[in-house]
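Please look at the sequence and the structure below before reading on. The paragraphs after them go through a few parts in turn.

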Amino acid sequence: MRAEGNFFRFEEISKHISGLKSIDTLIKDYFPRFEITYRYHSDKPIEALSPSEKLHLLVNAILPEVRKVIDLDLPRMVGSKRFYPVSVSEIFSKVKDIWIAADGEYEDAEGNKILTSHNERAQGQKNHSDERMACDLSLSDWYAQNENYGTNEEKLFVKFIESQIEKLRERFKGCEIFLLRNELEYSVFNLKDGRLFAPDYLMFINDITHQKLYYQCLCEAKGGHILEGDLWKEEGLLDITQTSKAEIPKAPIPVQVKGNEAYVPDEAFLVSLRKENYEEIKCLGFKFFNTKDEVREKSFRDQFKTLLGVG
């Protein structure tokens with residue numbers, strides 16, 4: 001099955017689920033664990049869908065959500081509290097397609113069929129219908145990509161960072177500051193129980209001029225409907241801030257980067273880093289960003305101000 005970049009082929013998915021014996025086992029034993037809600041046409045029950053419509057729904061809507069759950073169902077391991085440098089280009093090296101299932105269509109003036117979707121992730125922030133989220137990120141030198149296709153909370157988080165950029169630049173004079181959207185490319189382990197998760201955003205603050213500090217900030221924008229179930233991720237982010245250390249190793253060592261695969265940093269990359277002499281290197285994890293809960297939103301802003309000196 002080619003869905004999700006061949007993720008559901010046995011040789012690939014068996015790396016993620018310990019003891020998986022066959023694809024039949026995946027279908028019979030794992031898939032029933034998931035509660036799936038689908039939306040195609042309000043007046044068209046799933047039994048009435050054509051085979052091609054069912055395939056489209058499966059590949060573009062259901063399997064991506066199942067993958068997210070399976071990514072968290074890895075064997076539990078206790079991760080190291082030491083973080084080692086890996087080049088950003090090594091992690092975010094490929095163009096990644098995001099598939100959103102269409103739930104409507106119309107014809108333009110030329111008679112071309114245009115598919116539409118009510119899914120918020122189908123809409124970027126440029127010319128967004130809600131002015132609270134509208135932002136032309138292609139003009140922003142601090143946002144690593146040229147658009148953000150995220151949830152409401154994720155878009156509001158980006159707008160929050162936009163409101164803080166000048167304060168950050170004033171606080172960290174001469175530093176590079178970039179916000180990077182993470183689409184399951186970069187993952188970390190919960191330091192307590194080894195569960196894997198992928199923070200929504202990474203913000204880098206790099207004093208490239210004086211080499212005094214380098215901060216990697218891990219942030220999650222979390223909607224209220226899944227917040228309680230994901231509190232273990234927030235605990236993991238806070239543990240990173242409180243107990244983790246970032247080091248530049250004296251010799252190449254295996255670093256856990258994705259899934260069960262160990263990655264050895266390129267020696268030339270490490271040699272270049274050893275020539276630099278940063279006074280402070282930190283990996284910072286933040287509380288969930290949530291605008292629906294005033295207490296939580298204030299808690300995030302207070303921590304943002306405490307750790308970074310702005311807010």
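The model is predicted.

Two packed helices are described by the angle between their axes and the distance between the axes. Take helix H6 (residues 152–171) and helix H10 (residues 294–308): their axes come within 12 Å and cross at roughly 25°. An angle under 35 degrees counts as roughly parallel, and H6 and H10 are therefore roughly parallel to each other. Their crossing is right-handed.

Which residues of H6 and H10 meet? On the H6 side they are Phe 157, Phe 160, Ile 161, Gln 164, Leu 168 and Arg 171. On the H10 side they are Phe 300, Arg 301, Phe 304 and Leu 308. Sorted by class, this contact of H6 with H10 has seven nonpolar residues, one polar residue and two charged residues. An α-helix has 3.6 residues a turn, so residues three or four places apart point the same way.

The buried residues of H8 are Trp 232, Lys 233, Glu 234, Gly 236, Leu 237, Asp 239 and Ile 240. What covers them includes H10 and several strands, among them strand S1 (82–83), strand S8 (213–219) and strand S12 (280–285). Apart from neighbours within four places in sequence, Asp 239 is in contact with Leu 191, Lys 192 and Ser 244.

Tyr 186 lies in the loop between strand S4 (176–181) and S5. With 14% relative accessibility, Tyr 186 counts as buried. Leaving out neighbours within four places in sequence, the residues in contact with Tyr 186 include Phe 83, Ile 91, Phe 92, Ala 198 and Leu 218. The C-alpha atoms of Tyr 186 and Phe 197 are separated by 8.6 Å, while the two residues are 11 residues apart along the chain.

The last stop is Leu 26, which is in helix H3 (residues 23–30). Leu 26 counts as buried, at 2% relative accessibility. Leu 26 and Phe 8 are 18 residues apart in sequence, and their C-alpha atoms are 9.4 Å apart in space.

Note on methods
Residues numbered from 1 in each chain as written. Predicted model: local features only at pLDDT ≥ 70, side-chain atom pairs only at ≥ 80, totals over all residues. Heavy atoms only, no water. Axes fitted to C-alpha atoms, helices over the stretch in contact; angles between N-to-C directions. Helix = DSSP H or I, 4+ residues; strand = E, 2+ residues; numbered from the N terminus. Parallel < 35°, antiparallel > 145°, perpendicular 65-115°, else oblique. Left-handed = near helix turned anticlockwise from the far one by under 90°. Contact = heavy atoms within 4.5 Å. Nonpolar A, V, L, I, M, F, W, Y, C, P; charged D, E, K, R; others polar. Buried < 20%, exposed > 50% of the residue type's maximum accessible area, 1.4 Å probe, protein only.
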